[in-house]
Amino acid sequence: MANQNPPSTSDVEALEITPSETSPPAKRFTAKTALENVKTNLVFRSKWGELNGAMGDLGTYIPIILALTLAKDLNLGTTLIFTGIYNIITGMIYGVPMPVQPMKSIAAEALSDTNFNVPEIMTAGILTGAVLFVLGITGLMKLVYKLIPLSVVRGIQLAQGLSFALTAVKYVRKIQNLPKSKSLGQRHWLGLDGLVLAIVCACFIVIVNGAGEKNRGCCDGAPTDQTDQRNGEGARNNRTSKLRKIVFSLPSAFLVFVLGVVFAFIRRSEVVHEIKFGPSSMEVMKFSRHAWKKGFIKGAIPQLPLSILNSVIAVCKLSTDLFPEREFSVTSISVTVGLMNLVGCWFGAMPTCHGAGGLAGQYKFGGRSGGCVALIGAAKLILGLVLGTSLAHILKQFPVGILGVLLLFAGIELAMCARDMNTKEDSFVCLICTAVSLVGSSAALGFLVGMIVYVILKLRSWTRDEPLSTIWTQKSPM
């Protein structure tokens, strides 16, 4: 075999045109394969884990939606119906707990400006969605994703995570007026929305979930029966192992949320009589030129940098980190965010996007498949059709301290993404980006400063390794 003549050129060409034996033929896309993909994407990895993970996004979703419903007369029923449909569709498409969250910059503007009402909110959402849709289908979003360094993305994620965590602590410590986004004073220790309740809920989640994914499987390394018998402690260790397994498998976030719902009814029993069954009225909205102008200037322009960075680029990066076996595209994520707002906002549904914080929160509490978000989507859809806007009466009584606890763990999980910054330069850029984002309350400003610092450090490193005269000679055409 060693003396065998090498194949001739014609043989090589023949081999090149012949399909490779190692690579399987490309699978044809048919309705059957699409149905199989949807089924695979919606399969629960763990029933309790997916149910628990579905609660991980509520710490940001409920306060924003409730505040806009009470302060700006947002159509809660329509918003629940559309966001529920979005949840189900994104679960079927991506097969991971891809969240659907309100656009935070638009919500903040609406809550701070008395003249920024529902028409302006909707036009801001439509215009933001249109830009993201165009960036997606033209491939420009992919170019943006390639140009932005990981250290800057991590800085944005760290800033967003810390912002969530700080807001969560404020929810726990102080009484909140959600419609006006104001703190009213120190929260009492006791009561159905007291500090003790929030602290107990937080400790319960830490006991069950630990610091994250690795702690949930700690029972896997428990001693076997044979080992226990050799040590003479088999029965006792076996009981301890079973107890730990039961405790660590509890759906902590779901149980905490159910407790909050029960307390909401106890705090004001008359809320039952305020519930009206049936969906809210839905109609196509009409907008004035003034609404389009104000929605673009005060809503869309501040929201776009946040959506591009946190809702598309950071979400794509975090999804790849958490689910390396799957492929994610900024093009696809950008297009889905765009389409959600190009459809729902015309009917009065709150502008929405994907969010790295929501994804981190759902993953933290056990969400691993598209079934997680499809489950919460189905719940939103049913509540929107059955209770409509009257659901706001129940949510108004929900203990804000419990919402703060859920938001706290979602924020910490997102902030922990920055732990892979191993070099001092990367950490430096990441932390500067985070500091500017937090102090200036602007992800866009933090991104800009982070990019400038990153470029300066690269130029400094480049000129240190090579004399300027050499670089100029190499670059000069002469």
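Predicted model: local features only at pLDDT ≥ 70, side-chain atom pairs only at ≥ 80, totals over all residues.
Contact here means heavy atoms within 4.5 Å. Residues are numbered from 1 along each chain as its sequence is written, and side-chain values use heavy atoms, with hydrogens and water left out.Exercise 1.

Step 1: skip the neighbours within four places in sequence; Leu318 is then in contact with Gln157, Ala356, Leu359, Ala360, Leu414 and Cys417.
Step 2: look for nonpolar cores, meaning sets of buried Ala, Val, Leu, Ile, Met, Phe, Trp, Tyr and Cys residues joined through side-chain atoms within 4.5 Å. Buried is under 20% relative accessible area, exposed is over 50%, and partly exposed is in between (1.4 Å probe, protein chains only).
Step 3: the largest core has 104 residues, and Leu318 is among those with the most contacts inside it, along with Leu68, Ile121, Met122, Ile333 and Val405. Helix 15 gives the most to this core, eleven residues.
Step 4: apart from that core lies another, of five residues, including Leu158 and Met421.

**Exercise 1. Work out how helix 8 sits against helix 15.**

Step 1: helices are DSSP runs (H or I, at least four residues), as are strands (E, at least two), numbered from the N terminus.
Step 2: The axes of helix 8 (residues 140-147) and helix 15 (residues 289-322) come within 11 Å and cross at roughly 70 degrees.
Step 3: that makes helix 8 roughly perpendicular to helix 15; the label covers 65 to 115 degrees, with under 35 roughly parallel, over 145 roughly antiparallel and the rest oblique.
Step 4: Met141, Val144 and Tyr145 of helix 8 meet Ile308, Val312, Ile313, Cys316 and Lys317 of helix 15.

**Exercise 2. Is His354 buried or exposed, and what does its side chain reach?**

Step 1: His354 is in the loop between strand 4 (352-353) and helix 17 (356-364).
Step 2: with 0% relative accessibility, His354 counts as buried.
Step 3: check polar contacts, which are pairs of N or O atoms within 3.5 Å; within protein, one must be able to donate a hydrogen and the other to accept it, and residues adjacent in sequence count only if both atoms are side-chain atoms.
Step 4: the His354 side chain reaches the backbone oxygen of Pro99 at 2.8 Å, and a polar contact of 3.1 Å joins it to the side chain of Thr336.

Terms used: Axes fitted to C-alpha atoms, helices over the stretch in contact; angles between N-to-C directions.
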